[in-house]
Amino acid sequence: MAALSLTTYSQNQKRQDMIKEKVKTGIPGLDEMLDGGLIPGRPYVVSGTSGTGKSTVAMHFLLEGAQRGENVLYVCVDEPPNEVRANMSQYGWDLDKVYVFDGTMDIMSYDKTPVRDVSTERKVVTAKEVSDSIRKTSEKGPVDMSINTLQELLKQEMRNRKYSRVVIDSVTSLRRFYIKTSEEYSTLASFFRVLSDLGVTTLATVHQAEIYKPDAEAHMSRGEIRLHKWFDGRGLVRGVTIEKYRGSSHDHKMRPLKITATGIEVKTEGPKEGSKAAKTKEPEPKAVIEKSGEENQVARAESAGHPAVAEPPASSPKEEAKPPAPRKDSPPSECIPDEPDPPPPGGEQ
Amino acid sequence: MSGPLSKVSTGIAGLDDMLKGGLIPGRSYMVSGISGSGKTTFGIQFLQQGVRQGERALLVSIDEPPQEIRENVRSLGWDVGKIRILDVHPSARSYSKRVSMVEVAAQRAVGSLREAKTDARTEALKQASPDLSVQSLQLMLRQEFLEMRYSRVVIDSLTSLKSLSETEEGVENSIVSLFRFLSEWNVTTIMLSDLPDPAVLEVESLMCRGEIRLHKLMVSSKLERCVTVEKLRGSAHDTSPRPMRILQTGIEVDAHKKLPKAVLSTLQAIPAMAR
């Protein structure tokens, strides 16, 4: 009996330690969905169509690390660092401690220039040191950027500075533009492997087409956070799901996501009625509408000098108050579909 | 460094409102829509706004010969004489011997839209040149930019440019390079494009810093137009579709009006495949 309780205790303790050790994403709601965060030293992907907030989620992840005094690295593949910094400055974040590596492609010169290795031309700098304008392709001609050179460069960089978090934005571009061999899968797997071996928790962004197709990156990663957005007739609705998470329990529901003036917010404790209502084709967040309707009613009644009218939640005024709410522009955040995929913005059958 | 980024007006007041001031300068954007949705008109209006502000604006015309564009916009009553144009509309093939691409790039001239006409020299050059490709366009633009600084460029259309470059090896990398090239020269670019195939992740939707989509719908046998901002990096934007009209004076967007219910449901009902 004593032995049994001891085992239970140590198991619980182990579990507690595990959760403590998890790497926080910097978005509280998302950490909750991930049962505490990401398991350190593993590669993860954050996927979504364009404009869903992948880069912003990735930056949250790095800032969280920087705030904890870790070294964090942002590898730009799609956008030049000056644009990334300008975009992220809109959220009022202090990016000074984020290290940035400019992995963007040079302008192609289309004539024969001697190929120069990227490591001789590009250095990791902090976001503070990033120039305000775009880096100009050298007069000497473009440098050769490939996934292999990038991998070697990261290895080299890790020797100088121990990073605990790395973001690759985006691995889609990395695969499409920087893999020059036919062994796409193994090259990419090796790239992730190198980062794992170095003990880095990696978050790679994956661009998705509007109609979902599985990506190699998702297979390779230990977990996938997928961002969704769709138009529901009233406005844009955003959501987030955990599609896969090896070695950890996770939230199986889609949760509403908001991009606010200060960054990304994920709401995890939506009312039960909301998700039930969402199961119907046309999501109607009844509870919310009725509530706001009543509030309107209260406000109106009070201003009219009849506070007593608001006391009983009468059914007829409710009907009256109902129409204005659905026409609101802002998406009803409490209302979320239960399926892993959003009602397609058109077509998934 | 921080603080709100300066914005570039699109020339359409309502759309600027939707974009919270306009586009971020020095970046490349996509304007997509089916044929007849107003893409070229949009492009000209964007360039015209630049000219009005004393900027230099360049139209890269691949889909239509320049004189046709001039005639088309004349019906809108615009004086677009100051917009400069790079005529790369493919000419009739002669199947004769071709000269080197770089050589042609150096010679093909940019004219103003006012004087747009079928120029014998341009025609001769076109016939001699290899087909237009992403690669040759970048080289031509470089040649032009070395002589003259532009702040606005419209490529009409990226879809045609891609089709023309189909045989080119590594065309995707060439497009990434073209985007990079335009950024390094600090031009605000609008690439006109057909609606992207929702099942395919096109390189341009990956690289562009924003996408504005023009919709043309038939709602109870009446033509309805609206516009959506699909993506806009580094800026908040209106996420609702807004009604759009093409008038004598150009495109008009009402950023404060909601779409009629019937139009909304039609817009939603269109499967992604046809959008």
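Just after α3(A), A:G69 takes a positive phi, at about 85°; helices here are DSSP runs of H or I with at least four residues, strands are runs of E with at least two, and both are numbered from the N terminus. The model is a predicted one, in which local features need pLDDT of at least 70 and side-chain atom pairs count only at pLDDT 80 or more, whereas totals for chains, interfaces and linings use all residues. Residues are numbered from 1 along each chain as its sequence is written, while chains are lettered from A and ligands numbered from 1 in the order in which they are written.

The 14 residues of α3(A) should span 20 Å at 1.5 Å a residue, and the end C-alpha atoms are 20 Å apart, which agrees; the expected span is 1.5 Å times one less than the number of residues. Twelve of these 14 residues are buried, so α3(A) is largely enclosed by the rest of the structure. A residue is called buried if 20 or more other C-beta atoms lie within 10 Å of its own, exposed if 12 or fewer do, and partly exposed in between, with C-beta atoms placed from the backbone. Among the buried residues of α3(A) are A:K54, A:H60, A:F61, A:L62 and A:L63.

## A helix of chain B

Helix α2 of chain B, residues 39–52, also has its length given: 14 residues reach 20 Å from the first C-alpha to the last, close to the 20 Å expected at 1.5 Å a residue. Eleven of the 14 residues of α2(B) are buried, so this helix is largely enclosed by the rest of the structure; the buried residues include B:K39, B:F42, B:I44, B:F46 and B:L47. After α2(B) comes B:G54, with a positive phi near 80°.

## The nonpolar core

Which residues have the most contacts inside the largest nonpolar core? They are A:L62 and B:V60, in a core of 132 residues, where a core means a set of buried Ala, Val, Leu, Ile, Met, Phe, Trp, Tyr and Cys residues joined through C-beta atoms within 7 Å. Helix α3 of chain A, residues 54–67, gives the most to this core, with seven residues.

Leaving out residues up to four places away in sequence, B:V60 touches B:L86, B:V88, B:L137, B:V153, B:V154, B:I155 and B:D156; two residues are in contact if their C-beta atoms, placed from the backbone, lie within 7 Å.

## The sheet of chain A

Chain A holds an open sheet of ten strands with mixed pairing, in the order β5-β3-β2-β7-β8-β1-β9-β10-β11-β12; two strands pair if DSSP finds at least two bridges between them. The edge strands, each pairing on one side only, are β5 (125–126) and β12 (263–266) of chain A. Strands β10 (236–245) and β11 (255–260) of chain A run antiparallel and are joined by two bridges, and A:G239 has A:P256 in β11(A) as its bridge partner.

Helix α7 of chain A, residues 184–197, packs on this sheet, touching β1 (43–48), β7 and β8 (201–207) of chain A, and its direction makes about 130° with that of β1(A). Axes are lines fitted to C-alpha atoms, for helices over the stretch in contact, and angles run from 0 to 180 degrees between N-to-C directions.

## Backbone exceptions

Most residues other than glycine have a negative phi, and most peptide bonds are trans. A cis peptide bond joins A:D169 and A:S170, with omega about 0°, and A:S170 sits in the loop between β7 (165–169) and α6 (171–178) of chain A. In chain B, a cis bond joins B:D156 and B:S157, with omega about 5°; B:S157 is in the loop between β5 (152–156) and α7 (158–164) of that chain.

B:K20, not a glycine, has a positive phi near 55° and lies in the loop between α1 (13–18) and β1 (28–33) of chain B. B:N186, in the loop between α8 and β6 (188–193) of chain B, has a positive phi of about 60° although it is not a glycine.

## Where the chains meet

In the interface, 36 residues of chain B are in contact with 37 residues of chain A. The largest share of the chain B side, nine residues, comes from α8(B).
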